[in-house]
Amino acid sequence: MDGETDIKEIYENVMNILEDLTSNAHKLQEQVLEEILKSNAGTEYLSRFFPNGQADKQSFKTNVPIITYEDIKPYIGRIANGETPSILLAYRITQFIQSTGTSGGQPKLIPMTAESFEKRMYEPLLADLVIKR
């Protein structure tokens, strides 16, 4: 195979994966939420809403309010100052990135886990594939 054929094959494979993901988006979102809740129910932040440590989708919808960055900024600040990430996340934070600040004027400090950083690496590729299609 030549390079152009390899690239075309990779492109088609990724587009098939993307098509599968988007055609089942609701189901996948439900699964992701359940995984997030299961992993993070014992964090300081979520344990306020789930004192028994059990979190499910319906309890989340009922008990956890919609928040802004300002609501969790104190938690992020504590983690950035050396406290355990389990305040907010069940995963190890590998780094912090700073937002551009375009939505509210002030940059925001965003905690990144290894998994979230890896997912961010694919965003430009996926955007490019969608635009080209």
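Among contacts in the protein chain between residues at least 6 apart in sequence, 38% join residues at least 24 apart, where contact means heavy atoms within 4.5 Å. This is a predicted model, in which local features need pLDDT of at least 70 and side-chain atom pairs count only at pLDDT 80 or more, while totals for chains, interfaces and linings use all residues. Residues are numbered from 1 along each chain as its sequence is written, and side-chain values use heavy atoms, with hydrogens and water left out.

**Confidence and overall build**

- The mean pLDDT of the protein chain is 84, and 85% of the residues score at least 70; pLDDT is the predictor's confidence in each residue, on a scale from 0 to 100.
- Within the protein chain, confidence is highest in helix α5 (residues 69-80), at 94, and lowest in α6, at a mean of 69.
- The protein chain holds 6 helices and 2 strands, and from the N terminus on the elements follow the order α-α-α-α-α-β-β-α; helices (H or I, at least four residues) and strands (E, at least two) are DSSP runs, numbered from the N terminus.
- Of the 133 residues in the protein chain, 20% are buried, a term that stands for under 20% relative accessible area, with exposed meaning over 50% and partly exposed in between (1.4 Å probe, protein chains only).

**UniProt annotation**

- An unreviewed UniProt entry lists residues 11-38 as "coiled-coil region"; UniProt positions are given in the numbering used here, feature names are shortened, and annotations may be inferred rather than shown by experiment.

**The largest pocket**

- The largest pocket contains about 770 Å³ of space; on a 1 Å grid over the protein atoms alone, a pocket is an open set of points where a 1.4 Å probe fits, with protein on both sides within 12 Å along at least five of seven lines, and lining residues have an atom within 4 Å of a point.
- Grid points are joined across faces, edges and corners, and the volume is the space filled by probe spheres set on the points.
- The largest pocket is lined by 21 residues, of which Ile 36, Asn 40, Leu 88, Leu 89 and Tyr 91 are the closest to its centre.
- Two or more lining residues come from each of α2 (25-40), α3 (44-47), β2 (109-113) and α6 (114-132), and α2 gives the most, with 5 residues.
- By class, the lining has 15 nonpolar, 3 polar and 3 charged residues, where Ala, Val, Leu, Ile, Met, Phe, Trp, Tyr, Cys and Pro count as nonpolar, Asp, Glu, Lys and Arg as charged, and the others, Gly among them, as polar.

- Leu 109 lies in strand β2 and is partly exposed, with a relative accessible area of 29%.
- Not counting residues up to four places away in sequence, Leu 109 touches Tyr 69, Ile 76, Ala 80, Phe 96 and Ile 97; Tyr 69 is 40 residues from Leu 109 in sequence, and their C-alpha atoms are 9.5 Å apart.
- Thr 113, also placed in strand β2, counts as buried because its relative accessibility is 10%.
- Apart from residues up to four places away in sequence, Thr 113 touches Leu 89, Tyr 91, Arg 92 and Thr 94.
- Ser 39 belongs to helix α2 and counts as partly exposed, at 34% relative accessibility.
- Beyond its neighbours within four places in sequence, Ser 39 is in contact with Ala 90 and Tyr 91; Ser 39 and Ala 90 are 51 residues apart in sequence, yet 6.2 Å apart in space, C-alpha to C-alpha.
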